[in-house]
Amino acid sequence: MTMRQEQESRIRSVVVPGRQADLIGLEMAEIPSGARLEIRPDGELVAVVFSGVVDVTADGEHLGRAGGRRNVFEGAGHAIYAPPGVALLLTAVDGPVEVALTTAPVSEPSTLRPRIVGPEDQEIADRGSGSFARRVRTILGPRSEAGRLLVGETINPPGNWSSYPPHKHDMQRPPVENHFEEIYLFKVDPPAGFGVQIRYSETGEECVLVRDGDVSVIKSGYHPVAAAPGYSLYYLWVMAGEGRQPIAYFDPAHTWVERRS
């Protein structure tokens, strides 16, 4: 991805494809009020506005404004989709902006057009029940017009679990499971709190503390998440694989929990 920064916009590389991940790239941008950020992705791009408002132009065409929430816990936000090679110009309006820039390569020339994805375009649903109830905002789902990227947001209430019952998607064996890599970018409210990311498979297991701003790159294994009591936990999730239809395989040892709820 090539970028031109103006007025000290700050870009932080978080996940580099070919290093931490095979396909997915993730950068975080902070755009001061009135500043501009120009992006020309090599692959397709989804820019998720975490806070603030941006004026959006794509290849010289004005698409409108995106954003408006104060933070990711306030409610569903806006995202901007761009196919490969489209020059996006984001201008921060009436205050600073924080935006996540996620990319993935596409294998075929794209006929898709850039667009703003608002809350009304997203699938927003409450999933699970009891201690694993959570809200999922699917920004770019399997039926969305896109190449490879699947993008959304999950909110865990304090003390609750998500990605639960545990599931994985690391093998290509349809119709049981499809291979998709995934990344999680975490936010915590209040930000001094934490959550827990668990990963396990036949070859091992680990339990990692996740704090505000941490990232998890998931290439294999089951990967449930828990929020500490007293702290809401958010994560941006980004998936990429072959095709647009991920099939998750749920750990059969724990699916009874969902059937009972």
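**Close-up views of a predicted model**

View 1. Val 136 stands opposite Thr 154 in strand 12. The model is predicted: local features need pLDDT of at least 70, side-chain atom pairs count only at pLDDT 80 or more, and totals for chains, interfaces and linings use all residues. Residues are numbered from 1 along each chain as its sequence is written, and side-chain values use heavy atoms, with hydrogens and water left out. Strand 11 (residues 134–140) and strand 12 (residues 150–156) pair in the antiparallel sense over 5 bridges. Strands (E, at least two residues) are DSSP runs, numbered from the N terminus. Two of them pair if DSSP finds at least two bridges between them.

**View 2. The largest pocket.** Its space is about 950 Å³. A volume is the space filled by probe spheres set on grid points, which are joined across faces, edges and corners. On a 1 Å grid over the protein atoms alone, a pocket is an open set of points where a 1.4 Å probe fits, with protein on both sides within 12 Å along at least five of seven lines; lining residues have an atom within 4 Å of a point. The lining counts 36 residues, and Arg 127, Val 136, Thr 138, Trp 237 and Met 239 lie nearest the centre. Strand 11 gives the most, with 5 residues.

**View 3. An aromatic pair.** The structure holds 8 aromatic pairs. The ring centres of Tyr 184 and Phe 186 are 6.0 Å apart and the planes stand at 90°, so this pair is edge-to-face. Rings of Phe, Tyr and Trp (its six-membered ring) pair if their centres lie within 6.5 Å; planes under 30 degrees apart count as stacked, over 60 as edge-to-face and the rest as tilted. Both Tyr 184 and Phe 186 are buried. Buried means under 20% relative accessible area, exposed over 50%, partly exposed in between (1.4 Å probe, protein chains only).

**View 4. Two cis peptide bonds.** One joins Tyr 164 and Pro 165, with omega about 0°. Pro 165 lies in the loop between strand 13 (161–162) and strand 14 (167–168). Another joins Pro 174 and Pro 175, with omega about 10°. Pro 175 sits in the loop between strand 14 and strand 15.

**View 5. Asp 94 in strand 8.** Asp 94 is found in strand 8 (residues 88–104). Its phi is near 60°, a positive value in a residue other than glycine. Asp 94 counts as exposed, at 76% relative accessibility.

Definitions and conventions: Helix = DSSP H or I, 4+ residues; strand = E, 2+ residues; numbered from the N terminus.
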